Amino acid sequence: MKAHERLSAAISAANDKGRPALVPFITAGYPEPKDFIATLKDVASVGDVVEIGIPFSDPMADGMTIQRSSFIALQKGVSLKWIFEQLDTAQRDIDVPLVMMSYLNPLLAFGYEALAERALASGVCGFIVPDLPFEESDELRAALEAHGLGLIQLVTPATPNARLKILCDASRGFVYAVTITGITGGGAGLPADLADYLARVASLSKIPVCAGFGIRAAADVKAVGQHAAGAIVGSALVEVLERGEDPKSFLKSLLGDAS
Amino acid sequence: MSTLFAAEEAKRLLDAMIKGDMPDARGRFGPFGGRYVPETLVPAFDRLEAGVKEHLHAPGFQAEFQRELREWVGRPTALTFAPQLSKNWGAEVWIKREDLAHTGAHKINNAIGQALLAKRLGAKRVIAETGAGQHGVASAAACARVGLPCSVYMGAVDMARQAPNVDRMRRLGAEVVAVETGDKTLRAAIDEAMREWVTDPDGIYYLLGSAVGAHPYPYLVRELQAVIGREARQQMLDQAGGLPDVAFACVGGGSNAIGLFYPLLADDIELIGVEAGGIGDGLGENAATLATGTPGVLQGAYTIILQDDDGQVQETQSISAGLDYSGVGPEHALLQATGRVKYISARDSDALDALEELCASEGILTALETAHAYAAAREYAKKNPRKRILIGNSGRGDKDMPTLTQFPARTRRHESA
């Protein structure tokens, strides 16, 4: 099985249990670098796929919560190299597939070829790159696919249908359906026409569709779960970590109504 | 970074630039440029690109733009001979006076052009970022002129050090939004403006102030600023009787420099861009992006940026807020890589000296940004006597008085004589 197929399989396995897959996001090394692996294991014990955020100096698609966590992690010395080293120590204990969410520049600086090799060795199955639109993505996609890793495409409610088809076809592992027109961590809740939009994406995609942005509570997971294969939880989980609360019980509570 | 291309490739790329073939269809200046934006903004960029293609060079838009430049901005701006500087330096010094444009800097050329475009594209409101406040003031004025609401994103640090410009923007009807994230200066303001744009890509027009960012902005801003170089070229022929040997412009994002240089690329003129050398050569001590940076992606474009080994963008230091930026326009990255334009830097202290000399010699208080170009030109003149020098005087220095008061004027040579 290729690495990116592990992602699709993990999501489908959750669906087979009659619930949407849960995809928690954490900023690597936040709030404390020394707790990164422990937090990751906690989150992985409930989540079906875990998304690891690589801190970046200019997180332009993120709201306050993830920006703040990103800056603090950077201040505390977190880097992509460090994250890989940490993952090496924990790999055997984590059986859910991992995805990295990174802005492009840290990946460019690492070098695509080295990145793909290193990622595969660390149990990472795919990448989400919010500032890399499809038109600019050939080089990274080729480097990742050569190692069986997936480049996960984002689609949004503003994406026209013709483009939606192209992005769904290009995506590997799953399709990341952004639920709102905005940045992460918005408080406005899920939009009213969510069902139509997610159904539209799902109808065009051959791989599972996971919805993200604005998912904060069990009701949200349930709502997106009716039209999407999985729910991505980012800012709300980072807030839990920020408050020093237990991520495991928070994630379990999200599945409460849906399982 | 030194020259990147072999001579033949450099010539091919430069010829393409001169012919007007850059950027290419993908928004590339050779390897630089492109469009690295979140998926949410892709349709907005597609619309902007289509709008630029439809309107920018259409007779109707150009007639309106040229009329506004003439009657509202006050163009053409003067070309001034500088007799005392010429004597001091052993050179023939000419100054292109963008400080005389409305609101006091070249920024207005771009602001009014894009505001007119926003109107034609049916935008409901305009957002803009600003560092020193010059682009913010220009945007506020241009939006008032065309009748669009305007919000200016400005780092909290810059708001404190450029308080008079904050008040100017508000009086011109703009809302000024304090940016408390990141480094709280220009780069954070751009990030925050992008975040706002993502919330309403259909209704908002983002009026970007420099020749940076994702395609089509570097192209759009260059086209709107090229009036500087076109005027200066003709004025040199008319007033000086010939083209300059060398032209200098300061470079932050690089909009005034590309505006001056672009129409001069085909001529036998040495072109020198001057970045902020800050207080030293170390990473974080300056904003000399082209001189010391490496290729990377920042705020929408593949260009030269100041970054560490992990690809984290570094903070900069400069006495001038307008040059205090970790990236540079992608076209400058190509101009450097082809060897057509040379990029050097001047330190804070040299810029201050040059500013003082210009004040005393020619009665012109130039902006701290612009002063870097004078500092480099003066050094050049020492090594290259009797050259005809053109300096792009991108803006006036009134806005810098709060900073300048920390550096009392020295006794002037000719006063004590």
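**Sheet and interface**

Reply: Chain B has an open sheet of four strands, in the order S7-S6-S5-S8, with parallel pairing. This is a predicted model, where local features need pLDDT of at least 70, side-chain atom pairs count only at pLDDT 80 or more, and totals for chains, interfaces and linings use all residues. Residues are numbered from 1 along each chain as its sequence is written, while chains are lettered from A and ligands numbered from 1 in the order in which they are written.

Me: What makes S7 (175-179) and S8 (204-206) of chain B stand at the edges?

Reply: Each has a single partner strand, so one side of each lacks a neighbour in the sheet. Strands here are DSSP runs (E, at least two residues; helices are H or I, at least four), numbered from the N terminus.

Me: How do you know that S6 (residues 150-155) and S7 of chain B pair?

Reply: Pairing requires that DSSP finds at least two bridges between two strands. S6(B) and S7(B) are joined by five, so they count as a pair under that rule. One of the residues involved is B:Ser151, whose bridge partner in S7(B) is B:Glu175.

Me: How many residues of chain A are in contact with chain B?

Reply: In chain A, 31 residues are in contact with 27 of chain B. Contact means that C-beta atoms, placed from the backbone, lie within 7 Å. H5(A) gives the largest share of chain A's side, five residues.

Terms used:
Two residues are in contact if their C-beta atoms, placed from the backbone, lie within 7 Å.
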